[in-house]
Amino acid sequence: MLNQLPRRPVQPPQSVLSLSDQSFEQSFKHISELLLSLTRSRSLPKGLQLHAQILKLGLLTIPLVSHNLINFYSKTQLPICSCRVFDEAPLKSATTWSSVIASLAQNELPSLAIEFFRRMLENGVRPDDHIYPSATKSSAILGRCDVGQCIHGLVVKTGFEFDVFVGSSMVDMYAKCGEIRDARKLFDVMPEKNVVSWSGMISGYVLLGEDEEALRLFKQALVENLDVNDFTFSSVVRVCGNSTLLELGRQIHGLCFKTSYDSSSFVGSALVSLYSRCGDIEGAYRVFNEIPVKNLGLWNAMLIACAQHAQPDNAFELFGEMKSLGIKPNFISFLCLLYACSHSGLVEKGQYYFEMMEEYGIEPGAQHYASMVDLLGRAGKLQEAVSMIKNMPIKPTESILGAFLTGCRIHGDADLAAFVDDKISELGNVSSGLHVLLSNAYAAAGRWEEAARARKMLRDQGMKKETGLSWVEDGNKVHTFASGDRTHMKTREIYQKLEELGEEMERTGYVADTSFVLRRVDGEEKNQAIRYHSERLAIAFGLITFPPERPIRVMKNLRVCGDCHTAIKFMSKCSGRVIIVRDNNRFHRFEDGKCNCGDYW
């Protein structure tokens with residue numbers, strides 16, 4: 001783009017042909033007005049012509065003109081051209097420095113922005129309330145809290161510590177760098193707070209997974225009548241999605257609607273994710289269809305929603321529509337498509353989209369390889385999965401090996417599970433989940449000694465198997481259950497409902513499949529282990545609590561076992577209820593004795 005900059009006068013636009021006949025002051029004012037107009041319209045060709053006229057008339061010597069020209073190139077996403085204009089400007093005021101630093105920060109060149117900030121200080125220019133926020137934003141993008149702390153020290157020395165714009169940018173910087181205590185300390189002493197400082201704190205808590213504090217702060221902001229923006233709303237909606245708080249999410253959606261932020265692509269993508277994560281795919285579609293201008297994040301949110309809810313054809317159709325509108329897919333888009341293929345057994349489709357990534361210049365990452373290994377493994381093509389792991393240009397990650405072990409467990413192939421056993425030692429410290437997957441793969445093939453050895457390795461490293469939990473939302477309260485749980489206030493009614501339902505299920509043909517108990521115990525203990533799994537307790541709670549027309553939505557942190565999957569189909573048939581279960585991989589919608597996954601998950 002550098003050679004697009006005019007090096008000698010070219011034919012100027014008609015509106016400036018008569019500028020040479022005007023006085024210098026008139027020309028300067030007219031040029032400034034035209035520049036601002038072209039910046040608003042993002043008209044690059046006319047802006048290049050006007051730049052040529054500026055050079056011809058010698059107006060680049062005026063700091064305000066160079067400032068407006070730098071800003072023009074910034075808004076047209078040509079930050080290096082902004083630097084060229086800056087370097088050629090003979091007079092550089094604080095405004096000129098501010099313009100070029102902001103241009104670099106806003107166009108994702110944070111290292112250069114910090115370098116220009118350093119050069120500005122060397123030239124004896126004092127930073128102001130416009131320059132500091134750009135510098136701190138660049139520190140946040142780089143994740144360089146040490147640089148941000150140095151800028152903070154300078155802020156204090158120059159007396160800008162309590163400036164609302166500078167202070168807010170510092171809060172946002174500390175929050176994005178993960179230093180939430182420093183952010184909160186600064187936030188609490190600010191005499192005046194704006195939407196940036198509130199949003200920075202809220203998003204900082206969201207990034208660290210401190211959802212309760214994020215919600216508490218959001219409620220406080222509403223009490224203080226803060227005019228929150230789309231960034232604030234999207235952060236809080238994501239909290240509701242992460243915690244599957246559907247009712248609270250709906251209330252916040254109502255606030256978004258009242259403030260017209262429901263039409264924002266950023267809020268829209270968060271709302272799509274909220275409804276999808278909470279099992280309401282219809283709600284996700286409604287939000288998606290109502291957003292007038294859709295950005296890539298919104299398309300990706302809808303793609304993953306389709307994938308998680310066993311709607312691969314809808315995902316493929318959306319992808320085609322997205323391309324036809326000229327929206328270029330990114331690595332996340334393809335990850336969504338591979339995920340959709342993986343959980344529907346569409347091997348050829350998955351290979352097609354995996355190869356398509358090259359057309360868009362996207363190098364497959366660990367997550368893409370994990371999805372492909374998962375796709376091949378679930379489809380029983382374990383040797384092809386081994387070949388992919390051996391030939392891929394990156395080292396196997398936990399997610400890749402975990403995907404392969406899932407395939408080994410499903411198809412009872414202990415010999416290939418041993419292949420991963422060797423790879424785990426090469427990774428060093430790994431999560432407990434990988435050891436559990438390895439143990440389960442051996443147990444599914446009846447290799448109890450190897451399964452016990454894998455679990456012993458887990459204990460020797462001081463790790464514990466993640467406890468299986470299921471939870472269901474009732475109003476603004478979440479009820480959580482563990483397997484065999486008897487701590488709930490409605491325990492007696494829950495177990496009574498399970499007994500009644502169990503008898504009816506057996507009359508209609510249900511027989512417990514204890515092969516899914518991956519422990520070496522006797523038959524009766526296996527029956528007991530399966531009968532009161534956490535998701536069954538949560539469903540029983542829903543049956544005795546919710547009105548008949550309301551779907552029962554249950555969330556799980558682990559994969560639903562095969563016998564529970566069968567049992568829930570019978571539960572839906574016997575009760576006449578729609579039961580939606582989200583495990584750690586996908587959603588299962590049970591209705592009239594059938595599941596939308598087609599028993600492939």
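Visitor: Where is Thr-508 found?

Guide: Thr-508 is found in the loop between helix H27 (491-507) and helix H28 (523-531). Helices (H or I, at least four residues) and strands (E, at least two) are DSSP runs, numbered from the N terminus. Residues are numbered from 1 along each chain as its sequence is written, and side-chain values use heavy atoms, with hydrogens and water left out. This is a predicted model: local features need pLDDT of at least 70, side-chain atom pairs count only at pLDDT 80 or more, and totals for chains, interfaces and linings use all residues.

Visitor: Is Thr-508 buried, exposed or partly exposed?

Guide: Learn the cut-offs first. Buried means under 20% relative accessible area, exposed means over 50%, and partly exposed is in between (1.4 Å probe, protein chains only). Thr-508 has a relative accessible area of 43%, so it is partly exposed. Now look along the chain. Lys-573 is 65 residues apart from Thr-508, yet their C-alpha atoms are separated by 9.3 Å.

Visitor: Now the whole protein. How many helices and strands are there?

Guide: The protein has 30 helices and six strands. Its C-alpha trace spans about 100 × 55 × 45 Å along the principal axes. Of the 601 residues, 52% are buried.

Visitor: How do I read a sheet? In what order do the six strands stand?

Guide: Start with the general idea. Strands of a sheet pair through backbone hydrogen bonds, either parallel or antiparallel. Here, two strands pair if DSSP finds at least two bridges between them. The six strands form an open sheet in the order E2-E1-E3-E4-E5-E6, with mixed pairing. Strand E2 (477-482) and strand E6 (594-595) stand at the edges. Each has a single partner strand, so one side of each is left without a neighbour in the sheet.

Visitor: How many bridges join E1 to E2?

Guide: Six bridges join strand E1 (residues 469-474) to E2, and the two run antiparallel. Val-472 stands opposite His-479 in E2. E1 and E2 form a hairpin, with two residues between them. In the turn, Gly-475 has a positive phi of about 70°.

Visitor: In which sense do E4 and E5 pair?

Guide: Strand E4 (residues 579-582) and strand E5 (residues 587-591) pair in the antiparallel sense, over four bridges. Ile-579 stands opposite Phe-590 in E5.

Visitor: How many salt bridges does the count come to?

Guide: A salt bridge is a side-chain nitrogen of Lys or Arg within 4 Å of a carboxyl oxygen of Asp or Glu. By this rule the count comes to 20. Take Glu-115 and Arg-118, whose side chains meet in a salt bridge (2.3 Å, N to O). Both lie in helix H6 (residues 110-122), three residues apart, about one turn of the helix. Glu-115 is partly exposed at 31%, and Arg-118 is partly exposed at 37%.

Visitor: What about Asp-172: buried or exposed?

Guide: Asp-172 has a relative accessible area of 14%, so it counts as buried. Its side chain meets that of Lys-176 in a salt bridge (3.1 Å, N to O). Lys-176 is partly exposed, at 43%.

Visitor: Which residues are linked in a network of salt bridges?

Guide: Arg-184, Asp-188, Glu-213 and Arg-216 are linked in this way. Within the group, the side chains of Arg-216 and Glu-213 meet at 3.0 Å, N to O. These two are three residues apart in helix H12 (residues 211-223). Arg-216 is partly exposed, at 38%, and Glu-213 is partly exposed, at 22%.

Visitor: Last feature. Which residues form a negative surface patch?

Guide: Patches are made of residues with over 30% relative accessible area and no salt bridge; like charges are joined within 9 Å. Asp and Glu count as negative. Here Glu-355, Glu-358, Glu-359 and Glu-363 form the patch. Glu-358 sits in the loop between helix H20 (347-356) and helix H21 (366-378). With a relative accessible area of 69%, Glu-358 is exposed.

Notes:
Patches are made of residues with over 30% relative accessible area and no salt bridge: like charges are joined within 9 Å, nonpolar side chains (Val, Leu, Ile, Met, Phe, Trp, Tyr) within 5 Å. Accessible areas come from the Shrake-Rupley method with a 1.4 Å probe; for residues, only the protein chains shown count as cover. The place of a charge is taken as NZ of Lys, CZ of Arg, CG of Asp or CD of Glu.
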